[in-house]
Amino acid sequence: MTSAVTIIRPKKVLSWRDFQELWEYRELMYFFVWRDFKVRYKQTIVGVGWAIFQPFMSMVVFSLFFGTLLKIPSDGTPYPIFVYTGLLFWQFFSTALGDTSSVLTSNQSIITKVYFPRLILPFASVATKLVDFAVASTILAGMMVYYGYAPHLTGLFILPLLLLITFMASVGGGLFLAALNVKYRDVRYALPYFMQILMFVTPVIYPASIAGKYSFLLAINPMMGVIQTARATLLGTAPANWFLLSLSFTACLTLLVIGIVYFKKTERYFADVA
Amino acid sequence: MEHVIEVKDLGKKYTINHHRGGYITLRDVLTHIIKSPLRFLKKKAREVAGIDTKEDFWALRHVDFAIEPGEVVGVIGRNGAGKSTLLKILTGITPPTEGEVRMKGRIASLLEVGTGFHPELTGRENIFLNGAILGMTRKEMVKNFDSIVAFAEIEKFLDTPVKYYSSGMYVRLAFSVASHMEPDILLVDEVLAVGDTEFQKKCLGKMEEVTQKQGRTILFVSHNLSAIRRLCKKTILIEKGEVKMFDTTEKVIGHYLSLATHNSTNLFAPTPGKRAQVTKVSIKDKDGELSARLPVDEGFSLDIEFEVSDPTKAVLSVLFYAEGDILLFSSESDKDAQLRDYAPGTYRTTIKIPPNLFNVGMYYFETRFHRPGIELMDIKQNVSFEITDSSDNPRSIVFSGQHSGKLAAVLDYQTEKTS
């Protein structure tokens, strides 16, 4: 890109240059986000409304069956707002992971024809979902007004941290799956099933307290810390569990590092295999 | 450093996988491990111990050359000689296995027109997207926007999704964006093969203008020898992964053409990563015997074998040329020239050539796997055959072997005396 000398040599797995490149190509990353966003909403009739419609309908159905009929406890908050907070973060994570895992195969025609740091693709794909998250959050804001919950100051401060953890988890997991998907094309078929199971072991539609003294087992799942903290701080049901949150943060950071290393290791074959 | 491009001892190794169908599934691997764990362990152990050597294939080896600023250099060679691999390494798409390349200045590559075009987006949106993918900054795109639109002649359709564009418009827009790149080094692969002749001329003109005025260094891979002659002063001939010759274009093309021989069976080493590609072309006479020397008044057939690794929507075309790069006609695999869906697998197409189609002489053809005007997936060129005179051909007797023209069609003449 620059007027400096470009040197092409057999590739090392990971170098500082990779991260510099990521910054140099930020404009292309922006264009990928812009493209995905535009294309997706052009293809549906309801357009951007889709980002609201999806979590909203899930919330209605879950509230009806789990909240009203099964009377699942919800830590003292109304069930709809309880489940929506969980769904908001869960859907960000699950759709981002799903899309990212196929990001290399769906951009195959570009990858085999043009050079750019491949790392920007997974980042762009998760960033697209962040826009969805922002759109869907408006419903939460509406519900908070409706149920009379004033947002807690800690909640607003902690939100970027929660998003960062979710972002790292999706990018990390997505990078790993995306690289795996290049080699084994059936990974993406197994993923939705796996994600569904994962949702039921994450306290999205029920509170973690339901598991009693075994609730610590749920903490293995990094998304649990995020959802628990989101509920605790945004709705003010309990003080933030900093220990749980730092556990999640460390787990997601590890996942991200593993993801990047595995992705970079496989990267050199992409153009040949894809 | 006086050279803009310096290639030193460059090599690229592919490991040949002996299974077909392009990719493997996790399911297959897992069932294999569960069904025969011993065999799996044995194989792994052998691989680790280095007993089980995989078959290696060097697509490029010991490639050395240097290019000076402002030079326009052509790259020619037979199918599978390593031209495209070389370009893919220079662009950074795939890393080399050994060696080194040094390039000075801003690099842009054009391996396909319209890379990253999205059918749902409008012309305007695609200009920006494609520009960004090709490495233009937003400032450059804004500056060149009007010029891009004018060159593509699509003013009226700027806000129409490109899925409604004709293939001509699509290619024009794509090339227009690409031609507004402002790099120091431009790497171009077989992109002129798409698009009609009129447009090809326009593109060649634009490229000439760019090289002469702005002193850009270009590496141009093409099968189109006349385009190479027109644009490039020097040319590299690549054969079996090595630089065979690097000299003035005239000398190199002359040498290249003298190498051409015609075989009744032409095998093409499959390139890893291609979705669809022709692997074998055989020429058979009317009795089904392999032969590349065919009597003018007898029919013959072309057997084209190809491999599809990913579901592909495409059409197989065969373009026939007479000596001197004269395109006689092109013919499509489907009579109604519709794109066809090909599932992964291997295929064979037999094309029957009627008697008295080609006149006595040398001909050659190319096979193309493509979506016309959009994507060229595979091209195999310079498969040649010779049409011979036959002793009992009445025309040869009348014209004493001097029957002129390239085609030998026998037309029905009905003559009656009218007065």
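A salt bridge, as used here, is a side-chain nitrogen of Lys or Arg within 4 Å of a carboxyl oxygen of Asp or Glu. Keep that in mind.

First, the ground rules. This is a predicted model: local features need pLDDT of at least 70, side-chain atom pairs count only at pLDDT 80 or more, and totals for chains, interfaces and linings use all residues. Residues are numbered from 1 along each chain as its sequence is written, chains are lettered from A and ligands numbered from 1 in written order, and side-chain values use heavy atoms, without hydrogens and water.

Now, the interface. In chain B, 51 residues are in contact (heavy atoms within 4.5 Å) with 40 residues of chain A. How much area do the two chains bury between them? About 3900 Å², with 61% of it on carbon and sulfur atoms. Buried area is the accessible area, taken with a 1.4 Å probe, that two parts lose on being put together, summed over both. On chain B's side, B:Ile93, B:Ile133 and B:Arg138 supply 14% of the area buried against chain A, more than any other three residues.

Back to salt bridges. The count between the chains is two. B:Arg138 forms one with A:Glu27; their closest N and O atoms are 3.7 Å apart.

Next, the strands. Helices (H or I, at least four residues) and strands (E, at least two) are DSSP runs, numbered from the N terminus. Strand β1 of chain A, residues 5-8, pairs with β4(B) in the antiparallel sense, over four bridges. Pairing takes at least two DSSP bridges. Look at A:Thr6: its bridge partner in β4(B) is B:Met103.
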